[in-house]
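Please keep the sequence and the coordinates open while reading.

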Amino acid sequence: MSERAVQVGIARTRAGAVTGPDTAPGLAAAEAGPDVGARTEVTETTVFDALAEVMDPELPMVSIVELGMIGSVTVGRTIEIALLPTYVGCPAIEMIRSAVEHRLAAFGRPVEVVSRFEIPWTSDRITPAGLAALATAGIAPPRSPADTRCPYCASEHVALDSVFGPTQCRSLFYCRDCRQPFEAIKPV
Amino acid sequence: MTAAAPAGPALEALLCSMADDEFVIGSSDSEWTGIAPVLEEDVAMSSLAQDEIGHAAALYGLLAGLTGRDADALAYDRPPDDYRHARLLDHGRGDWAMTIARRYLYETADAVRLDALVGGSWSPLADLVGKLRREERYHRMHVEAWLERLAGAGGESRDRLETALRSLAPDAATVFTPLPDEPELVRAGVLEAPMPALEGRWRETVEPVLRALDLPAPAPGAAPPDGREGHGEAFRWLWGEFTSVRAADPGATW
């Protein structure tokens, strides 16, 4: 996974590309007004590309595509998105749903976003680009505590402080070498 | 597209019992936010509460799909006597030992119940349960560690844990209270085995653990038929708390 992709992810975040209707319009929203949409061909690929600009509200350095939250994209008379919640009770789901609808509105077709569980989201679904973006932000990838490394200094001399962290999908660790607390994605 | 629901009223009773269980224990857990014994546990109990209330929301959502009622109305607009959670969850938040004892008895029972549902014939529930089990695994790890810690600490920690387990013992098995028309659920393949059989599996799980720690075991005998009714004062207080925002401005939207 390229350094460039990380930088792009960060650039997007810094530009405020969390494109919920209640947040400041970012690059994605600016690039994709309704006029642009009218000219954009609606295919699974273009829809995926658009979804790749919707950042997770709780982990704004990664997109919902990088997190593996898109179960399927079906383009027909409507655009149907199967969204796989990372956790059943994830409070960000409604925000993500409205951000997806907002972003895809540019295609000029009805959008239907449905949460589904028949394909369970697991931490294995995070893409290499997503893992790298998380690591850059100081969040270690999902591993057993014994295999978790400090995202800052790569030390294996780390301790699990708490399985439960600031969001449902994260645990708290402490690095005994660089003395930095850090978070890790919970393996599920 | 939703798979046709088998065994209508029986399935509704099952979903209501599970949703109410998760909603009530989640609401009890959330009482620790801000006042847990240590910071990590403040975060943990808040996260657990968020999980459980999220699970309740998903289950109320399935129930809403079957009954045509609104999921929020199911969660918030019923009088206290209409809730069908297990009486195990009716003892009030209590102290930290009570919270751990209740969570231990409930999480182990819930795990047995989820195991009996994951291969079920009604896919909306079986799919959801598949996802719930992945999350509940962390809940069990958390509470089992605390059970051992309090039991092994001796002194006041152990005394309080024993007191809590003794006061919960008569209601410990009420998660397995037989449901109305339960044989229908088993016949339709939604639930793999009837509640008394699940209760047996649960006792085989928890009794050796409690015995090894020399802790009070659940009272013998099957779950009483009214184990999901007759909620007392502690629940009425909790109900008043969790409905207070909704009641403050009926019909408000975010």
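Ala154(A) has a relative accessibility of 55%, and because exposed means over 50%, this residue counts as exposed. The model is a predicted one. Ala154(A) lies in the loop that links strand 4 and strand 5 of chain A. Its phi is positive, about 65 degrees, although the residue is not a glycine. Most residues other than glycine have a negative phi.

Ser144(A) is found in that loop too, between strand 4 (139-140) and strand 5 of chain A. Is Ser144(A) buried, partly exposed or exposed? With a relative accessibility of 34%, Ser144(A) counts as partly exposed, because the value falls between the limits of 20% and 50%. From Ser144(A) to Leu160(A) there are 16 residues in sequence, and their C-alpha atoms are 9.9 Å apart in space.

Chain B also has a residue with a positive phi that is not a glycine: Asp181(B), at about 60 degrees. Asp181(B) sits in the loop between helix 6 (155-168) and helix 7 (182-187) of chain B. The relative accessible area of Asp181(B) is 47%, so it is classed as partly exposed.

The next step is chain A as a whole. Its secondary structure consists of six helices and seven strands. Read from the N terminus, the order of these elements is α-α-α-α-β-β-α-β-α-β-β-β-β. Chain A has 188 residues, and 46% of them count as buried. Among the contacts in chain A with a separation of 6 or more, 56% are between residues 24 or more positions apart. The accessible surface of chain A is about 8,600 Å², and carbon and sulfur atoms hold 52% of that.

Strand 5 (158-162) of chain A, together with helix 2 (39-67) and helix 5 (123-153) of chain B, are the elements that give two or more residues to its lining. Helix 5 of chain B gives the most, with five residues. There are 14 lining residues, and those nearest the centre of the pocket are Asp161(A), Ser162(A), Glu41(B), His142(B) and Arg149(B). By class, the lining has eight nonpolar, two polar and four charged residues.

Gly26(B) and His142(B) are separated by 116 residues in sequence and by 15 Å in space, C-alpha to C-alpha. Gly26(B) belongs to helix 1 (residues 8-30) of chain B. Its relative accessible area is 0%, which means that Gly26(B) is buried. Leaving aside residues up to four places away in sequence, Gly26(B) touches Ala49(B), Glu52(B) and Ile53(B).

Rolling a probe the size of a water molecule over the atoms shows where empty space is left. In this model there are four cavities of 30 Å³ or more. The largest cavity has a volume of about 80 Å³. Its lining includes Asp56(A), Glu58(A), Leu67(A), Cys90(A), Trp121(A) and Cys169(A). The lining residues of the largest cavity divide into eight nonpolar, one polar and two charged.

The second largest cavity holds about 50 Å³. Among the residues that line the second largest cavity are Val24(B), Ser28(B), His91(B), Arg93(B), Phe235(B) and Trp237(B). Helix 1 and helix 9 (233-242) of chain B are the elements that give two or more residues to this lining. Which of the elements gives the most to the lining of the second largest cavity? That is helix 9 of chain B, with four residues. The lining of the second largest cavity comprises six nonpolar, three polar and three charged residues.

Notes
Residues are numbered from 1 along each chain as its sequence is written. Chains are lettered from A and ligands numbered from 1 in the order in which they are written. This is a predicted model: local features need pLDDT of at least 70, side-chain atom pairs count only at pLDDT 80 or more; totals for chains, interfaces and linings use all residues. Side-chain values use heavy atoms; hydrogens and water are left out. Buried means under 20% relative accessible area, exposed over 50%, partly exposed in between (1.4 Å probe, protein chains only). Contact means heavy atoms within 4.5 Å. Accessible areas come from the Shrake-Rupley method with a 1.4 Å probe; for residues, only the protein chains shown count as cover. On a 1 Å grid over the protein atoms alone, a cavity is a set of points where a 1.4 Å probe fits but cannot get out, and a pocket is an open set with protein on both sides within 12 Å along at least five of seven lines; lining residues have an atom within 4 Å of a point. Ala, Val, Leu, Ile, Met, Phe, Trp, Tyr, Cys and Pro count as nonpolar, Asp, Glu, Lys and Arg as charged, and the others, Gly among them, as polar. Grid points are joined across faces, edges and corners, and a volume is the space filled by probe spheres set on the points.
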